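The exercises below are meant to be worked through with the structure in view. Please try each task before reading its solution.

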Amino acid sequence: MNLYLVRHGEAAAKWGEHSDPGLSALGQSQAVDACRFLLDQLTGGARLYSSPLARAQETAIPLANALEQKPLIDDRIREIPAPVPLPERQNWLRGFMDERWETQPDSLHQWRQSALDLMREQTGDAVFFTHFLVINAIVGNVLDHPNTLYFWPDNGSVTHLRMHNDQLELVALGRDMKTVVN
């Protein structure tokens, strides 16, 4: 069974400007590119999931339309919960990305575990439209990597996992980031 983690396209707003921006024009183009890539990969269809945030849902639209399917909105693949107000979020995230999982509070371990549980619940191929740190949390766990940051998935990139013998395996990382974390 194949699982695809799609990082949302570029957001229309910068850090601290909007709590739930949609996609920029570039982000919409990245969503179309991700759709084209996934249509080549999905030979028997797939179940679609999206974070409840606008940029993830908008990234899902081209593939959802192509597959004539509405994505399931699932809070378990929502952006990491930051314990600070929106204007302080960028600094908190920068600090978090320099840390290790062993030093994180239970709430963040539960956040990561809920995303992993969603992956393991699948009974067929699935595509998840989600966020930078969700992808890192899942990939880091699959590879038993101790740091909170494993790689820099670009906007619209697709990371491929496979469920084999009830274990998640990394098949391919998504394209490395060339844009800023948004």
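**Exercise 1: a residue in helix 1**

At 31% relative accessibility, Gln-41 counts as partly exposed, and the model in which this value was computed is a predicted one. Task: find which helix Gln-41 lies in, and state how far apart Gln-41 and Glu-88 are in sequence and in space.

Solution. Begin with the accessibility: buried would need a value under 20% and exposed a value over 50%, and because Gln-41 has 31%, it is partly exposed. Finally, turn to the pair: Gln-41 and Glu-88 are 47 residues apart in sequence, and their C-alpha atoms are 39 Å apart in space.

**Exercise 2: the surroundings of strand 1**

Task: decide whether the residues on the two faces of strand 1 are buried or exposed, and determine how strand 1 runs relative to strand 5 and to strand 4.

Solution. Take the faces in turn: on one side stand Asn-2, Tyr-4 and Val-6, on the other Leu-3, Leu-5 and Arg-7, and all of these are buried. Then follow the pairing with strand 5 (residues 158-164), where five bridges join two strands that run antiparallel and where Leu-3 stands opposite Leu-161. With strand 4 (residues 126-130) there are five bridges as well, but here the strands run parallel, and Arg-7 has Thr-130 as its bridge partner.

**Exercise 3: two helix pairs**

Task: work out how helix 1 is oriented to helix 2, and how helix 4 is oriented to helix 5.

Solution. Start with helix 1 (residues 25-41) and helix 2 (residues 54-67), whose axes come within 8 Å and cross at roughly 40°. The two helices are therefore oblique to each other, and the crossing is right-handed. In their contact, Ala-31, Val-32, Cys-35, Leu-38 and Leu-39 of helix 1 meet Glu-58, Thr-59, Pro-62, Leu-63, Ala-66 and Leu-67 of helix 2; by class these are nine nonpolar residues, one polar and one charged.

Continue with helix 4 (residues 106-120) and helix 5 (residues 132-142), whose axes come within 10 Å and cross at roughly 75°. Helix 4 is therefore roughly perpendicular to helix 5. The residues of helix 4 in this contact include Trp-111 and Met-119, while those of helix 5 include Leu-133 and Asn-141; the contact as a whole divides into eight nonpolar, one polar and two charged residues.

Note on methods:
Residues are numbered from 1 along each chain as its sequence is written. This is a predicted model: local features need pLDDT of at least 70, side-chain atom pairs count only at pLDDT 80 or more; totals for chains, interfaces and linings use all residues. Side-chain values use heavy atoms; hydrogens and water are left out. Buried means under 20% relative accessible area, exposed over 50%, partly exposed in between (1.4 Å probe, protein chains only). Helices (H or I, at least four residues) and strands (E, at least two) are DSSP runs, numbered from the N terminus. Two strands pair if DSSP finds at least two bridges between them. Axes are lines fitted to C-alpha atoms, for helices over the stretch in contact, and angles run from 0 to 180 degrees between N-to-C directions. Angles under 35 degrees count as roughly parallel, over 145 as roughly antiparallel, 65 to 115 as roughly perpendicular and the rest as oblique. A crossing is left-handed if the near helix is turned anticlockwise from the far one by less than a right angle, and right-handed if clockwise. Contact means heavy atoms within 4.5 Å. Ala, Val, Leu, Ile, Met, Phe, Trp, Tyr, Cys and Pro count as nonpolar, Asp, Glu, Lys and Arg as charged, and the others, Gly among them, as polar.
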